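Please keep the sequence and the coordinates at hand while reading.

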Amino acid sequence: MSGALPDRAAPERKGAAAVMLATTSSTAYDYSSARYVAALSRDFSTALAVCGGTASTIQRQLSAADVPPGSVPFHLLRREYQPGETAFVRWMLGQINLFCIARGPQDKVAHVIACAPARLATSIIQAQVMHGLVLDDWFARMAENGGLPDLVALSAVRSASVSQFAAVARRHGVPTLTLEAHGLNANYCRYAKVAADYYGVISEQFRAEAETGFA
């Protein structure tokens, strides 16, 4: 499944470091992702890795940001990996069932999980495990060919598929930088997992919130 991804994260550009921006296709993030690409591409060899969705919306935003067509490689990864019912799924369904039994019939968490155990096992757990394996294979191939990026930027890290880049990049010695897409609230659970080596914010207020909220 990683075969369509290139051996080099970004084109070689004399005297310029290579930066790969990992993002997801979403109307909430496409605008800022395109602006980050436009800014980075002025000084660095830049490429996009888009987790899921289609290329059309973010391509329109790149055009609006005056990024010349074809100047920034666009690597499109799958939104979900669905190989069908596997031995892993059968095992996971058993584990989910045991978890719910242990929590008891009155437990609210167990009740929610028991509403759709097959989707949890396939579309969420198995899909994310497979996404991680695809990234591992891709980065290993880039490492073999001297094509790893010098930095992986992440926006928005609230997407699990995007945040997984931090783990695989670390295993290959590539630093990661989270770029805030449009806001910060450390009290909100989706914002509270910062896996990157560095965290970039867009205002002094957000810097203070990151320091006090995430500690």
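Where is aspartate 66 found? Aspartate 66 belongs to the loop between α2 (56–64) and β3 (74–77), where helices (H or I, at least four residues) and strands (E, at least two) are DSSP runs, numbered from the N terminus. Its phi is near 65°, a positive value in a residue other than glycine. Aspartate 66 counts as exposed because its relative accessibility is 66%; the classes are buried for under 20% relative accessible area, exposed for over 50% and partly exposed in between (1.4 Å probe, protein chains only).

The model is predicted, so local features need pLDDT of at least 70 and side-chain atom pairs count only at pLDDT 80 or more, whereas totals for chains, interfaces and linings use all residues. Residues are numbered from 1 along each chain as its sequence is written, and side-chain values use heavy atoms, with hydrogens and water left out. The chain has an average pLDDT of 88, and 93% of the residues score at least 70; pLDDT is the predictor's confidence in each residue, from 0 to 100. Among the elements of the chain, β4 has the highest mean pLDDT (96) and α7 the lowest (78). Where pLDDT is low, the predicted coordinates should not be read in detail.

The interior can be approached through its nonpolar cores. A nonpolar core is a set of buried Ala, Val, Leu, Ile, Met, Phe, Trp, Tyr and Cys residues joined through side-chain atoms within 4.5 Å. The largest comprises 24 residues, and those with the most contacts inside it are Met20, Leu77, Trp138, Phe139, Val152, Leu154 and Phe165. Two or more residues of this core come from each of β1 (18–24), β2 (45–51), α5 (117–144), β4 (151–154) and α6 (160–171). The greatest contribution, six residues, is that of α5. Apart from this core lies another, of 17 residues, including Val37, Leu40, Val50 and Leu179.

Helix α5 also deserves attention for its geometry. Its 28 residues reach 39 Å from the first C-alpha to the last, close to the 40 Å expected at 1.5 Å a residue; the expected span is 1.5 Å times one less than the number of residues. At alanine 127, α5 bends by about 30°, the bend being the angle between axes fitted to the seven residues ending there and the seven starting there. Just after α5, glycine 146 adopts a positive phi of about 65°.

What else surrounds phenylalanine 139? Leaving aside neighbours within four places in sequence, phenylalanine 139 is in contact (heavy atoms within 4.5 Å) with Met20, Leu148, Val152, Phe165, Val168, Ala169 and His172. Trp138, Phe139 and Phe165 form one aromatic cluster. Rings of Phe, Tyr and Trp (its six-membered ring) pair if their centres lie within 6.5 Å; planes under 30 degrees apart count as stacked, over 60 as edge-to-face and the rest as tilted.

The structure holds three aromatic pairs. One of them is tilted, because the rings of phenylalanine 88 and tryptophan 91 have their planes at 45°, with centres 6.1 Å apart. Both residues lie in helix α3 (residues 87–103), three residues apart, about one turn of the helix. Phenylalanine 88 is partly exposed, at 29% relative accessibility, and tryptophan 91 is likewise partly exposed, at 49%.

The loop between α5 and β4 contains proline 149. Is proline 149 buried or exposed? Proline 149 is buried, since its relative accessible area is 4%. Leaving aside neighbours within four places in sequence, its contacts are Ala9, Ala18, Met20, Met142 and Val174. In the loop between β4 and α6 lies alanine 156, and the peptide bond from serine 155 to alanine 156 is cis, with omega near 5°.

Why is α1 largely enclosed by the rest of the structure? Eight of its 11 residues are buried: Asp30, Ser32, Ser33, Ala34, Tyr36, Val37, Ala38 and Leu40. These buried residues pack against β1, β2, α2 and β5 (176–179).
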